[in-house]
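Please keep the sequence and the 3D view at hand while reading.

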Amino acid sequence: MKTGSSDRPVRLKVDHLGKVFGEGEQAVCALQVVNLEIRQSEFVMIVGPSGCGKTTLINIIGGLEQQTSGDVLLDGHMISGAGADRGMVFQGYSLFPWLTVLKNVEFGLKMKGIPAQHRERTARKYIRLVGLEGFENALPKQLSGGMKQRVAIARTLANEPEILLMDEPFGALDAQTRVVMQELLADIRRKTDTTILFITHDIDEAVLLGDRVYVMSRRPGSVREVLEVNLPGERSHNSLVLPEFLEIKKKIMDMLWRESNDAAMGR
Amino acid sequence: MNDTALRQDAAPAAARGKKKKTGKNIQYRLLSLICFVLIIGLWCVASYGHLVQEVFLPSPTAVLSKLFSMAADGTLWAHCSASIARVMIGWIWSVIVALPMGMLMANSKRFCAFIQPIIEFARYLPVVALVPLTLLYLGIEESQKYTIIFLGTFFQLVLMVADTVSNVDINMINAAKTLGANRFQVYKEVIFPAALPGLIDDFRLTIGWAWTYLVVAEMVAASSGLGFMILRSQRYLATDTIFAGLIMIGLIGLVTDWIFRIISRIVAPWQERLSDSR
């Protein structure tokens, strides 16, 4: 973690969050007392076994689902519903197929009522940031998966959200493209100082990108452990073989292994 | 960054796709043509070879000359235009009412609960069974024909619209919400454009059914239209006129379908079609 990040103000606070699906006998507890804090410009990862409620958690923070108990506070204010202050990037890209790359990236600005000229300038800036200049007028169907996700990231960033929520954004990409995208994101983060909450089940991804990693337990999901990630030098694919990297990776693997082992033994 | 790799990847892929498509297109058209030629060939053999009596199966030349003579004296156009007008008016009314209702059904559980059972009920009533009532209420006016076509298409169309709209990808709607779109904007900027190609397809299918019900309407109490023309010809054993009428209905249907496909391609060129990758 960068020195002094603990002095920075807390942007997002998740306080005793719980979520139960269904009612009565059919009720399933998806999240149980989740607490987490994200400070200004922090890159926080949540890693956990599949079905631990990671997506439910990020959907509640994004305002797409309603929690059963607890609060989500952004800059001290309780969130209500979805809003442009919490930008989301989904695994399935969710681009608007009838809009060109440029118009997709402009979408949020258009919703805000920003004039066309200004909109285009901002959109072009973020298209450049994700390395897609020259594709402004392409339609999503002409792009590869990695390129689509670049558009989705630019679209969310162009809206200048307070926090960027990413739900396994690279989960559908092949291994090589994923590494390229991870480096791109690390680069964007350096350039824009965005606060990011990122969900993944990929331990390498969590350690490579995160300043801090929250490890979640299996259902009902709760935070099992919080690990600080201190890696020397700039994060890149070279970080994947650093002894510091491997040490943290092993810790997380052990935790997740115990989780799944407990699950298999029915404990 | 692998920008150059990106570019190299994308450009030729697009060009390749285009070339392949035109080749496939010619093949597709050729095959459709062969089917028509085959059927007309069989018809020729059956009638010129005197395998079937003239009164049951008129010869292609007899049907063609009938079409020409009716076109010349104006009756063909009179019947066609009467039918087309009825189909269009009845069907457009059905679209005007079904579109907002279907969209509301897809987005309001309460409205859906209120309206769906009655629509499902009405959908199964055969339109032919409603003809006596329409005659009783509306007489043999034009409005009776529009009503028959409306009844035949409306109940189906509402459900199709509701289905198409509720099938819009929820992730796309969620993305729009997190980008700051309000309820109205989600409707206008996401749900409607996303559903549009599906809606055009629904319209294309129901206008086809409208032609079916048109003939029902015209067979009962009409003095013009292709349905009427066919029914009257039966009385005089004028099979050539019957065939001429059938061919006209088929041709109008073919043209209508073709117009809808063109509209769909103009309005939604962004769509990923199965035929693109065939």
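A nonpolar core is a set of buried Ala, Val, Leu, Ile, Met, Phe, Trp, Tyr and Cys residues joined through C-beta atoms within 7 Å. A residue is buried if 20 or more other C-beta atoms lie within 10 Å of its own. The model described here is predicted. Its largest nonpolar core has 123 residues. Those with the most contacts inside this core are Met45(A), Val151(A), Ala154(A), Leu197(A) and Val213(A), together with Ile149(B) and Val161(B). Leaving aside residues up to four places away in sequence, Val213(A) touches Met45(A), Val47(A), Ala206(A), Val207(A), Leu227(A), Val229(A) and Ile252(A).

**Chain A as a whole**

Chain A has seven helices and 10 strands. Its radius of gyration is 19 Å, close to the 18 Å that the globule rule gives for 267 residues, so chain A is as compact as a globular protein of that length. The C-alpha trace of chain A spans about 60 × 45 × 40 Å along its principal axes. Of the 267 residues of chain A, 43% count as buried. Among the contacts in chain A with a separation of 6 or more, 72% are between residues 24 or more positions apart.

**A sheet and a loop in chain A**

In chain A, four strands form an open sheet in the order 2-1-4-5, and the pairing is antiparallel. Strand 2 (28-39) and strand 5 (77-78) of chain A are the edge strands, each of which pairs on one side only. Strand 1 (residues 10-21) of chain A is joined to strand 2 of chain A by eight bridges, and these two strands run antiparallel. Leu17(A) has Val34(A), in strand 2 of chain A, as its bridge partner.

Ser80(A) lies in the loop between strand 5 and strand 6 (86-89) of chain A. Is Ser80(A) buried or exposed? Ser80(A) has 9 other C-beta atoms within 10 Å, so Ser80(A) is exposed. Ser80(A) and Pro220(A) are 140 residues apart along the chain, and their C-alpha atoms are separated by 24 Å.

**Domains**

| Chain | Domain 1 | Domain 2 | Separation of centres |
|---|---|---|---|
| Chain A | 1-85 + 163-180 + 190-267 | 92-160 | 26 Å |
| Chain B | 1-52 | 56-277 | 28 Å |

In chain B, the contact between the domains takes nine residues from domain 1 and six residues from domain 2. The side of domain 1 of chain B that touches domain 2 of chain B divides into six nonpolar, two polar and one charged residue.

In chain A, 10 residues of domain 1 are in contact with 10 residues of domain 2. Helix 5 (residues 175-192) of chain A gives the most to the domain 1 side of this contact, with four residues. The residues on that side of domain 1 of chain A are seven nonpolar, two polar and one charged.

**Where the chains meet**

Note on methods
Residues numbered from 1 in each chain as written. Chains lettered and ligands numbered in written order. Predicted model: local features only at pLDDT ≥ 70, side-chain atom pairs only at ≥ 80, totals over all residues. Rg over C-alpha atoms; globule rule 2.2 N^0.38 Å. Buried ≥ 20, exposed ≤ 12 C-beta atoms within 10 Å, placed from the backbone. Contact = placed C-beta atoms within 7 Å. Domains from an automatic or database assignment. Nonpolar A, V, L, I, M, F, W, Y, C, P; charged D, E, K, R; others polar. Pairing = 2+ DSSP bridges.
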